[in-house]
Amino acid sequence: MPDRDTNSSMNSHDDTYKCSLGSDDFILVEEVVSGRKTSTVEAVQGICLCMKQKLFKTVAMKNVRRRVPILKWLPCYTIEDGLGDIMSGVTVGLTVIPQSMAYAGLAGLPPQYGLYGSFLGAFIYTFVGSCKDVPMGPTAIVSLMTYSTLHGYGPEYATLLCFLTGVIQLAMGVCGLGIIIDFVSGPVSSGFTSAVALLIIASQIKDLIGVHGTGSSLWEMMCSLYKDINTISYGDTVIGVGCIVFLLVLRVIAEVRIGPTDPEQQSCVQKYTNKSFWLIGSIRNSIIVISCTIMSYMFISAQDEKNELPYKIIGTIPAGLPEFRLPQFTMQRNNETIGFFEIMSTMKSNVVVLPLIGLLENISICKAFANGKTVDATQELLAIGLCNIGNSFVQSFPGSGSFSRSAVNNASGVRTPLGGLYTSILVIVALLFLTPYFYYIPKTCLAAVIITAVVFMVEVRVVKPIYRSKKSDLIPGMFTFFACLFLPLEIGVLFGIGLNLTSILYHAARPKISIQEYKTRAGFKYLMLTPDRCLVFPSADYVRNLVTKHSLKRDMPVVIDCSHVYGADFTAAKVIEMLTKDFSDRGQALFFYNLKPSVVDVFRGVKPKELVFYYNKKELDRLLQKSTEQRYTMLQPLLQTK
């Protein structure tokens, strides 16, 4: 028979182990390799050839277009694209100017540093960005992470942090590590985002009511606010609360629509009115900031210089563009020179966590506006890495894509990433000509802008779907939420991701195994065990113990269905070797069904003594009959003795 010939060929190939194949429906082909050793010169030549092929592949036009996306869409650029990009770019620019100054304050920096981070990065993203809706610049989450990293050390540290963030993101992109983001689950991401939103709101209450507050965790912020509650400024409070009310009203106005739901059925007046409502709501931050600046200017002009203002203002902002220069890798503090490695130790784990948070925020935006298209996480890593490196040369702090500005960008009808160019131009114009007027902006107004922007980031709405879908997924999400609230932010993030990975490893170490008894047409009973995933080192001993336990309890032939086992490792192979030996010693049959060829190669690497596998269910009767005869032969001398 074919299978007997196969078995005999395997036995003659190597007498140290026995490997049986139950059917010739599946043929294993072994590659014959000559025993001649490769010389050093040949090895070096092989490495050089491999590097040469890799270089040609990298510089191939297809890959160049993939890594420089502007080469794809620029040749097809139309007038309609240009009009859409100009409209969206200007709208986002009117949004980013007040937001970036507010986020600079959130990061513990002067307002101009937010503007510095809003033009060069957006310009660079035009060339290397893969998502048309992403406007690069300061964001609430990254700004809060920057604040918790800097510890009040100043703008030079923030610029160096921006450079290091970009370098790490670029290096991860070059190494293709965008896959890391796949290990952060939705519940963990939602828990982190919600906690950060509450922390940002808590951090802005001090500016909203005009008190001096400190702290990086929720508990520290609340304690600080409680101590200074007696120094509350009623002028700041009235302006701040009023700004919040107007911003929320304008947000509602942006959603108002009159006439039929279908735009094609609306009249020209209805379309114009709806567009006007949407535009007013979209640039609400600029409307509020401009209005408060004008009123503040009029109030200060009418006041006597000796009188103290009832509210705090931003103050003087340097006019013009920042100096283009390298970040400082050594700092001067208290007449002492602080070296680069000492600075790194000051920033601690945030140097690694912050780039990942920036990537997570950016990828979330890309997925939200992908419209079914795939998102290249590696390309986004390269893009935001280059943007942060570029921003560090203009004295900015780290940035990423912004959820709120992306929504405005998308709703404005952006067609390509070129919209970022017009946003950059508007920010440059503001730096060159409008900074004298920023002096009069009330600080509480910027706090109101931040609070109304992040309050909707608290993702309460995802709790019910998670609960209905899988209740256990709430555990890492809630753990991340509370850890980020009451621990340092970077520690909370690491704890959440760690718990998420622990959950993944637990499921890998404890595969589900279905156990059923069957009877063949010939009347032979056997026990079928079916693991639902690959056999790897965390789960190998668990599977062995489970198989041994049930095989001893049933005392019948055992079949392990490997239909879902697509991979295995050395540890699993050693466990299978011991398992087959245990079954062989006690005379109990063990068969493997539908074992993949790659898994067979792994198992054969440890040379098991008894490895019997088959691919055709018709062969099971023959194997069971053969095992029954062998067991009877083994037990016959014992029966005769008795």
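**Salt bridges, an enclosed cavity and a buried serine**

At 53% relative accessibility, Asp-585 counts as exposed, because the threshold for that class is over 50%. The model examined here is a predicted one. Asp-585 forms a salt bridge with Lys-581, and the closest N and O atoms of the pair are 3.2 Å apart. Lys-581 has a relative accessible area of 41% and is therefore partly exposed. Both residues belong to helix α25 (residues 570-585), where, being 4 residues apart, they are separated by about one helical turn.

The count of salt bridges in the model comes to 12. Among them is the pair formed by Asp-81 and Arg-415, whose closest N and O atoms are 3.2 Å apart.

The structure holds 1 cavity of 30 Å³ or more, and the largest cavity has a volume of about 80 Å³. Its lining consists of 16 residues, of which Val-134, Pro-135, Asn-409, Gly-419 and Gly-420 lie nearest the centre of the cavity. Two or more lining residues are given by each of the elements α5 (79-106), α7 (120-128) and α19 (419-438). Helix α19 provides the largest share, with 3 residues. When the lining is divided by class, 9 residues are nonpolar, 6 are polar and 1 is charged.

Attention then turned to Ser-233, which is located in the loop between α11 (218-227) and α12 (234-254). Ser-233 counts as buried because its relative accessibility is 14%, and the buried class covers values under 20%. When neighbours within four places in sequence are left aside, Ser-233 is in contact with Ile-209, Gly-210 and Pro-310. For Pro-310, the backbone oxygen lies 3.2 Å from a polar atom of the Ser-233 side chain.

Conventions: Residues numbered from 1 in each chain as written. Predicted model: local features only at pLDDT ≥ 70, side-chain atom pairs only at ≥ 80, totals over all residues. Heavy atoms only, no water. Buried < 20%, exposed > 50% of the residue type's maximum accessible area, 1.4 Å probe, protein only. Polar contact = N/O pair within 3.5 Å; in protein donor to acceptor, adjacent residues only side chain to side chain. Contact = heavy atoms within 4.5 Å. 1 Å grid on protein atoms, 1.4 Å probe; cavity = no way out; pocket = protein on both sides within 12 Å on 5 of 7 lines; lining within 4 Å. Points joined across faces, edges and corners; volume = space filled by probe spheres on them. Nonpolar A, V, L, I, M, F, W, Y, C, P; charged D, E, K, R; others polar. Salt bridge = Lys/Arg side-chain N within 4 Å of Asp/Glu carboxyl O.
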